[in-house]
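Thanks for coming. I'll go through one model today, starting with the sheet and then moving to the helices, the cores and the charged pairs.

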Amino acid sequence: MTSLAPVTLTGSLVRLEPLLPEHEEGLAEAARDGELWRLWYTNIPRPEDMGAEIERRLALQETGSMIPFATRSLRDNKIIGMTTYMNIDASLPRLEIGSTWNAASAHGSGTNADSKLLLLTHAFETWGCPAVELRTSWMNTQSRAAIERLGDKLDGVLRQSVRTRDGSLRDTCVYSIVAAEWPQVRSALRFRLGMDVLGTA
């Protein structure tokens, strides 16, 4: 069984730091940027609920099912959001990258692509995952487009699979990347970030 543990991952635009209670103030400020909790098809915490959300994610880390991160922008050293390895099956190992959100001002800045490059590189090249999943709401067309630009394949749609904050039931799109596809996905991400892709597999 592979040992999966919290780790700090540093890229060209962001640093993914193991989530700690000390991140609460920065994350609350990031959530205020764009009032993202008002998006009905997501479950982004309100600033006043950030402490409880950090506790929830850290409790899941204790069970071995999640490794949560705070995302820090290297440009200004500010916390801009959260992301996680989740639904971890350490016996394969296989996992999902999800529960991700970034401040509105960070959208379109390349920080999300940099985060995904860091998380996918570590999952495939350090932990040896045969596959990595990403999931999103059917209604979140922005997220679906971003995932599809990564090169993820749609495995299917889980209909009426999650109850949202307003009580409605969400259809969930399940995407995945398998290890054989990773070199091409890696090159595409590096290209999007303006990195030299020559010589990559």
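Which residue in β5 does threonine 84 stand opposite? Glycine 98 is the residue in β5 that stands opposite threonine 84.

Some ground rules before I continue. This is a predicted model, in which local features need pLDDT of at least 70 and side-chain atom pairs count only at pLDDT 80 or more, while totals for chains, interfaces and linings use all residues. Residues are numbered from 1 along each chain as its sequence is written, and side-chain values use heavy atoms, with hydrogens and water left out. Helices (H or I, at least four residues) and strands (E, at least two) are DSSP runs, numbered from the N terminus.

Now the sheet. Eight strands make an open sheet with mixed pairing, in the order β1-β2-β3-β4-β5-β6-β8-β7. Two strands count as paired if DSSP finds at least two bridges between them. The edges are β1 (9-10) and β7 (153-163); each has a single partner strand, so one side of each is left without a neighbour in the sheet. The strands β1 and β2 (residues 14-18) run antiparallel and are joined by two bridges. There, leucine 9 stands opposite leucine 16 in β2.

Further in, β3 and β4 run antiparallel with seven bridges between them. Phenylalanine 69 has threonine 83 in β4 as its bridge partner. The hairpin of β3 and β4 has five residues between the strands, and asparagine 77 takes a positive phi near 65° in that hairpin. On to the next pair: β4 and β5 also run antiparallel, joined by six bridges, and their hairpin has four residues between the strands.

How many of the eleven residues of β4 are buried? Nine are, so β4 is largely enclosed by the rest of the structure. Buried here means under 20% relative accessible area, exposed means over 50%, and partly exposed is in between, with a 1.4 Å probe and protein chains only.

Next, the helices. Helix α3 lies across β1, β2, β3 (66-73), β4, β5, β6 and β8, and runs at about 160° to β5. Axes are lines fitted to C-alpha atoms, for helices over the stretch in contact, and angles run from 0 to 180 degrees between N-to-C directions. Contact means heavy atoms within 4.5 Å.

Helix α4 (residues 141-150) has Arg144, Ala146, Ile147 and Leu150 buried. They cover an arc of only 165° around the axis, which puts them on the same side of α4. The arc is taken from the directions from the helix axis to the C-beta atoms. Thr141, Gln142 and Arg149, on the other side of α4, are exposed. The cover over the buried residues of α4 includes α3 (111-126), β6 (131-137), β8 (169-178) and α5 (182-192). After α4 comes glycine 151, with a positive phi near 105°.

Then the cores. A nonpolar core is a set of buried Ala, Val, Leu, Ile, Met, Phe, Trp, Tyr and Cys residues joined through side-chain atoms within 4.5 Å. The largest has 33 residues, of which Tyr85, Leu95, Ile97, Leu120, Val132 and Leu189 touch the most other members. With seven residues, α3 gives the most to this core. A second, separate core has 16 residues, among them Ala28, Ala31, Leu58 and Trp101.

Last, charges. Side chains of opposite charge can pair when their charged atoms come close. Over the whole structure, a search finds twelve salt bridges, each defined as a side-chain nitrogen of Lys or Arg within 4 Å of a carboxyl oxygen of Asp or Glu.

One of them joins arginine 72 and glutamate 17, at 2.5 Å from N to O. Arginine 72 is in strand β3 and glutamate 17 in strand β2, 55 residues apart, and both are buried.

In another, the closest N and O atoms of glutamate 133 and arginine 94 are 3.1 Å apart. This pair links strand β6, which holds glutamate 133, to strand β5, which holds arginine 94, 39 residues apart. Glutamate 133 counts as buried at 13% relative accessibility, whereas arginine 94, at 27%, counts as partly exposed. A network of salt bridges links Arg94, Glu96, Glu133 and Arg135.

Finally, arginine 186 and glutamate 125 meet at 2.7 Å, N to O.
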